[in-house]
Amino acid sequence: MSFWFTEQHTDRVRFSIEVKEQLYSGKSYFQKIEVFDTFEFGRVLVLDDYIMLTEKDEYIYHEMMVHVPIACRPDTIKKVLVIGAGDGGTVRELCRYDSIEQIDMVEIDEQVVEVCKKYLPQTACRLDDPRVHLYFEDGLKFVRRYQNTYDLIIVDSTDPFGPGEGLFTKEFYGNCFMALTEHGILTNQHESTYYDSYTEMVSRTHRRMRSVFPVSMVYQAHIPTYPSGHWLFGFASKTTHPIYDFHPARWEELQLKTRYYNTDLHRGCFALPNSVKEVLENA
């Protein structure tokens, strides 16, 4: 017998999905973890009652987190740090690049990784790649230990509360700045400005990143199962600009088959609606 899972987007907005069955329910030291099999979106990972991914649209998020920064420097990104990303989707996309030599993934909750390996092989399928090194610890503390080390840092975190709260602080962005190489890039998930209750989070995050990085921009994607469907990402760097330093021909030579990202979309995703630009400018 089916039932409905409902996520509370705001005090007056709810998003519901009809569920075939619950495949997993457990509680780690850090959070509640659930996996549902649904009619419309396939398997769904839920942490503390918030949807983290669905099999139907996860490719949008993971492709935009990974291919946007790498397309700016496809020849020089060799060493990557991924913070969060316990579902494995970001690592899966990174492993498609033969030029990447090392991927360090730091996830605070080992149980999330184990659950995804068992129930979400679509995203967790490359976590055993020999280039991938898993560390189960606090990403905020991990990044403090490194200087001038990583060509790309991807912060694939949960929302800025609970286990992911420390990954949205000025201190954390400062540590990432130090850990990046001269032309290094940082990307992160940046929430959404569509609902008023999210606006301050976006503004605060952008303000903190901009205070640390000379290049600090925001880009967008349409992800149906995230609140409002309109989602933002942050792009920050010491020297690399996502448009002026973009190498579309070099990326296209790689002949990677993607379902969402393409080089035309790369340019367009940085063209933001006025409502979003206003929030960022006021930050």
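Within what distance do the axes of α6 and α7 come, and at roughly what angle do they cross?

A: The axes of α6 and α7 come within 9 Å and cross at roughly 35 degrees. Here an axis is a line fitted to C-alpha atoms, for helices over the stretch in contact, and angles run from 0 to 180 degrees between N-to-C directions. The crossing of α6 past α7 is right-handed, a term used when the near helix is turned clockwise from the far one by less than a right angle. The residues that meet are Lys-170, Tyr-173, Gly-174 and Phe-177 on the α6 side, and Thr-205, Arg-208, Met-209, Ser-211 and Val-212 on the α7 side. Contact means heavy atoms within 4.5 Å. Sorted by class, this contact of α6 with α7 has four nonpolar, three polar and two charged residues. In that scheme Ala, Val, Leu, Ile, Met, Phe, Trp, Tyr, Cys and Pro count as nonpolar, Asp, Glu, Lys and Arg as charged, and the others, Gly among them, as polar.

Some notes on the basis of this account are in order. The model is predicted, so that local features need pLDDT of at least 70 and side-chain atom pairs count only at pLDDT 80 or more, while totals for chains, interfaces and linings use all residues. Residues are numbered from 1 along each chain as its sequence is written, and side-chain values use heavy atoms, with hydrogens and water left out. Helices (H or I, at least four residues) and strands (E, at least two) are DSSP runs, numbered from the N terminus.

Helix α7 itself has 17 residues. From its first C-alpha to its last, α7 reaches 26 Å, close to the 24 Å expected at 1.5 Å a residue; the expected span is 1.5 Å times one less than the number of residues. Buried residues of α7 are Tyr-198, Thr-199, Met-201, Val-202, Ser-203, Thr-205, His-206, Met-209 and Val-212.

Glu-200 forms a salt bridge with Arg-204, and their closest N and O atoms are 3.8 Å apart. A salt bridge is a side-chain nitrogen of Lys or Arg within 4 Å of a carboxyl oxygen of Asp or Glu. Side chains of opposite charge can pair when their charged atoms come close. Because Glu-200 and Arg-204 are four residues apart in α7 (residues 196–212), about one helical turn separates them. An α-helix has 3.6 residues a turn, so residues three or four places apart point the same way. Both partners are partly exposed, Glu-200 with a relative accessible area of 44% and Arg-204 with 24%.

Arg-96 is partly exposed at 25% relative accessibility, whereas Glu-93 is buried at 4%. Another salt bridge, also given at 3.1 Å, N to O, links Arg-131 with Asp-129, and both of these residues are buried. The structure holds 14 salt bridges.

The loop between β10 and α7 contains Glu-191. Phi of Glu-191 is near 70 degrees, a positive value in a residue other than glycine, and Glu-191 is buried at 1% relative accessibility. Gln-255 likewise has a positive phi, near 55 degrees. Gln-255 lies in the loop between α8 (248–253) and α9 (263–268), and at 72% relative accessibility Gln-255 counts as exposed.

Ile-51 belongs to strand β5 (residues 50–54) and is buried at 6% relative accessibility. Beyond its neighbours within four places in sequence, Ile-51 is in contact with residues including Phe-5, Phe-15, Val-44 and Tyr-226.

Conventions: Buried < 20%, exposed > 50% of the residue type's maximum accessible area, 1.4 Å probe, protein only.
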